[in-house]
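Some words used for protein structures rest on a cut-off or a count.

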Amino acid sequence: QVQLVESGGGLVQAGASLRLSCAASGRTFRDYYIGWFRQGPGKEREFVAGITRNGLRTDYAVSVKGRFTVSRDNAKSTASLQMNTLKPDDTAVYYCAARLTDFSSRAFEYWGQGTQVTVSS
């Protein structure tokens with residue numbers, strides 16, 4: 001089992017940047033594909049970005065591609081989501097999640113508590 005804790009959320013104006021962090025403890029961090037999800041007010045949870053266990057491939061939702069960058073540091077057991085040119089539509093609770101495969105056939109087993117990102121216009 002692995003425990004995940006997100007941090008770095010806050011209130012910013014449109015056009016600003018934020019960097020979210022996901023700190024892991026427990027099982028070896030490099031064993032997990034890390035995904036970022038978000039859920040805005042009155043909306044369904046959606047996939048935002050993900051990164052493979054070795055960090056060689058990243059995945060992005062169309063809505064954030066080119067603005068967000070996901071990365072990881074396995075030596076520090078940390079994953080990050082760099083969010084640039086933030087828009088009001090990016091307002092949501094952001095979650096990091098982990099699964100023991102790089103393939104989508106397996107569900108994300110572990111989830112953090114979430115961190116609030118609010119973007120004002």
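Q: Which residue of strand 3 is the bridge partner of Val5?
A: In this predicted model, the bridge partner of Val5 in strand 3 is Ala23.

Q: Why are strand 1 and strand 7 called the edges of their sheet?
A: Four strands form this open sheet in the order 1-3-8-7, with antiparallel pairing. Strand 1 and strand 7 each have a single partner strand, so one side of each is left without a neighbour in the sheet. Direction ignored, neighbouring strands of this sheet are turned by 15° against each other on average.

Q: Why is Gln3 called partly exposed?
A: Gln3, which is found in strand 1, has a relative accessibility of 38%; because buried means under 20% and exposed over 50%, with partly exposed in between, Gln3 belongs to the partly exposed class. Leaving aside neighbours within four places in sequence, Gln3 is in contact with Ala23, Ala24, Ser25 and Gly26.

Q: Why is Asp90 called buried?
A: The relative accessible area of Asp90 is 2%, and because the word buried applies under 20%, Asp90 is counted as buried. Asp90 is found in the loop between strand 8 and strand 9, and its contacts beyond four places in sequence include Arg38, Phe68 and Val117.

Q: Which residues have the most contacts inside the largest nonpolar core?
A: The largest nonpolar core has 28 residues, and those with the most contacts inside it are Ile34, Trp36, Val48, Phe68, Leu81, Met83 and Tyr94. Among the elements that give two or more residues to this core are strand 4 (33-39), strand 5 (46-51) and strand 8 (78-83). Leaving aside neighbours within four places in sequence, Leu81 is in contact with residues including Trp36, Val48, Phe68 and Tyr94.

How values were computed:
Residues numbered from 1 in each chain as written. Predicted model: local features only at pLDDT ≥ 70, side-chain atom pairs only at ≥ 80, totals over all residues. Heavy atoms only, no water. Core = buried A, V, L, I, M, F, W, Y, C linked by side-chain atoms within 4.5 Å. Buried < 20%, exposed > 50% of the residue type's maximum accessible area, 1.4 Å probe, protein only. Contact = heavy atoms within 4.5 Å. Pairing = 2+ DSSP bridges. Axes fitted to C-alpha atoms, helices over the stretch in contact; angles between N-to-C directions.
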